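Hi everyone, thanks for coming. Let's have a look at the model together, and then I'll walk you through how some of its side chains pack.

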Amino acid sequence: MPVQLLKIVKGKPETPLPSHLQKEDFKHLQEGFDHTNKYFEGIVVVSYPLTKLGDGTDFFKVVLQDMDDFYSRINSINILIYGKMAEDCAKVTRSGDTFVVAGFKLEKSPTAREDGRHDCHLKLSEEAGSTIFIYTTSKKPAASKTASLSVAPKYLYTPLNDLKDGTVVNLYGIVKFFKPPYVSKGTDYCSVVTLVDPSNVKLTCTLFNGNLDALPKIYKVGDIVRFHRIKIREYNGQMQGITSGGFSSLTFDGTVGAPVVPRTSSKVYTFMDEEQKVIEELRAWAASNLSIPGPAAKLSGVQPMLFFDLTCQLVGKAKVDGSSFLLKVWDGTKCPYPTWKVPVEARDMEGDKVHLYQLRKLTVDILVYDNHVQLAKSFQIGSFLRIYSIHAKQVSAHQDVSHLEFHLHGGTCYGRGIGVLPESNPDVKELKAFLESVDLADTQNNESMSSLELDSTFNNLTDHELDLERCQQLSVTVLTDHQDLSNTDLKTILNSTAPQQYRIRAKLRTYKPQKLYQSVKLHCSKCNSLSEVPDGDNFDLILQGSAITAPNLELHNTSWYDSVMWTTQDQKQRKIAIHFVKHDEMLQQPEDTLLMIEGGTLKEIWKLTKRFKCVIPVRSTDNNLELLDLSVPFLVQGGTKYYGCKQCSSPKPMKSLSSIAAKQEPSWEPTEIAQVLGIEPLQYVFIMKFTLVDGTGALNAYLFDYEKFFQIPASEILTNSFLQEKMQMTMNMLCPPGRKLDDLPWLECFIRSYNVRNEMKHQVCYQIFDTTIAEDVV
């Protein structure tokens, strides 16, 4: 059998292992070694819940600790078990069991640096011919509760300034910074916490566990934690803490005077009377020596561009797309600014419709992204959440009416994350009492609602159907030229030679990409190259790299710009220089001013763009101010970043701008700036593939459009949520999701055929041109 239980009799297995198997040392579990007919033996120190993979395969993970070198720095390894073998093991495995694994496959572990275990992991399955032997002993009689209490161990706790590399210790610490649990690159959840204590030494701990509830239940900076059996290692001259076999934790509220009640998911733990005194002493020290944040923000106090923590109740949730998820929450107060309501289908919104309607003026929509999505999906409606580092983003929408959007960006920087608070939490008790006191009558037009009102609020299907019926009779597109051309069947086009131009009437069966923001690319009209729009994080990294070099003071205050420099008050004490370009030896009004910045961060640049017309990130050399790498924008204007083609550009020093400054009325247009700086500008374009059908055939036509087809500038779509919503509504009109082909609207458009040849093959392609969306479609 693939999984066998072996009894231990007088310290030895009752049944010996197969004679062809030889024991493999922990240090020899490396790639390149022959592990055929070898087995590895270890003690189970961690076992994770049985789960199912995406394809339905059972998966079980255990961590084995080396029996022969129990105290070495790295002495444990991940064992990944699949299929029926995983199910069988999960039923019988207990912490402390002795495992013997044979017929394993050895692979590099992607989580080795994070969990501090072996560089490789072992994979086992019945299909691969693997075998697992589990040693069991006869069960001892359970000790009485009185006996177990009388022998409770007395633990020794190590101050943070006495930690040594390679040791496993117990410790107390005050939370100075933390990242709520998130899904790591492997199969575990991860949490990061930085601790301090009266020794004034910091310790950053990276904690892993397959069970979310087993990680410390930290809710705020200032909480106090007790860690048992945490492994200490030295990295880059700093001590770090990582989870080891048998790790456990307790968390306490760090507020002076609060009840000393531990938070833990463990049903068995020790907490001695003298430890209560330790908690009280740490609370008093923290109150005098640490800057503990005040209460979390209320929606009524939120300001634009603020990053804030929010304690709230979840009343609705919905999937938006593959990388984002909507949480609809309230805290009983009303945001003082108009807020964005994320457009989702009524059928996708989870939550009580009546309750959602009642709270419609008090709820806000929070979009969470990337690594937070999986956790957000698991939240139950009605649960209380604490969301950390929400971004209140002010966006100017249609007709210059601005509103606030709330985003929880991907990643874990600045402690971004979400946690569920139990109803016993003091903040939850206070919030519940407040929510129960809110008079909802003031937020409604009528106290009672008919089903018709609910339907009109949550499901505009009737209006949608009317629009669709209208669009089936009339084309949803407008032809802007070539009115002399008559319609041609797609079958005829497919059988014709290229190049030619056609007028067609067809339906849009599918389109790519489905995530519309992915359709925006950068195009160089000179070399005809296409590239992805660079990630904003890359921009920030290059800015941080350039800030290492201090500005050259000899380049300050020239005849055509004035310079100002200051030092930031943070630990890095960056030197920032801003050069204001003059006109006729005078500074212009801020809305007409171009400035150059050295040493600034992305956040600082965005602040400047809200007041000044143009911002150019630069660096100083021995003789000139120069542009940064062309991987980043050469100009930022408003919310738009302008890029240059690396292949076609020949950047010139910034003093070339003085020719524009000398003009009678310098306009500081991006194209003019690019020209004098030797930059070949890249243009934002929409690149999409439409599959068109008309009953006679189907063809793929490419849309290559700057702003004519959607009547939306491609350069603005990534920064304007109103335009994003408009574009999505347009595509939903052209290709309504879930509709049959007969129900789709007709499109009239022009397409041109052209030849694409290379050394291997010849292909005819088709492109949409001189066509635009009708103004009354959306």
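Okay, let's start with a cluster: Phe-686, Phe-690, Phe-709 and Phe-710 are linked by ring pairs. A pair here means rings of Phe, Tyr or Trp (its six-membered ring) with centres within 6.5 Å; planes under 30 degrees apart are stacked, over 60 edge-to-face, and the rest tilted.

Quick housekeeping. This is a predicted model, so local features need pLDDT of at least 70 and side-chain atom pairs count only at pLDDT 80 or more, while totals for chains, interfaces and linings use all residues. Residues are numbered from 1 along each chain as its sequence is written, and side-chain values use heavy atoms, with hydrogens and water left out.

Now, how many aromatic pairs are there? By that rule, 14. One of them is Phe-580 with Phe-612, tilted, at 5.7 Å centre to centre and 55° between the planes. Phe-580 is in strand β28 (residues 575-583) and Phe-612 in the loop between α12 and β31, so the pair ties together parts 32 residues apart in sequence. Helices (H or I, at least four residues) and strands (E, at least two) are DSSP runs, numbered from the N terminus.

Phe-750 and Phe-769 make another tilted pair, with centres 5.8 Å apart and planes at 35°. Here strand β37 holds Phe-750 and strand β38 holds Phe-769. Phe-750 is buried, at 0% relative accessible area, and Phe-769 is buried too, at 6%. (Buried is under 20%, exposed over 50%, partly exposed in between, with a 1.4 Å probe and protein chains only.) The charged end of Arg-752 sits over the ring of Phe-769, 4.0 Å from its centre; the rule is NZ of Lys or CZ of Arg within 6 Å of the centre and within 35 degrees of the ring normal.

On to the largest nonpolar core, which has 40 residues. Such a core is a set of buried Ala, Val, Leu, Ile, Met, Phe, Trp, Tyr and Cys residues joined through side-chain atoms within 4.5 Å. Phe-690 and Phe-710 are among those with the most contacts inside it. Elements giving two or more residues include β35 (683-693), β37 (747-757) and β38 (762-769). Apart from it lies another core, of 39 residues, Trp-340 among them.

Last stop: helix α11 (residues 536-546). Which of its residues are buried? Phe-539, Leu-543 and Ser-546. The face turned away from that buried side carries the exposed Asp-537 and Leu-541. That's my tour, thanks!
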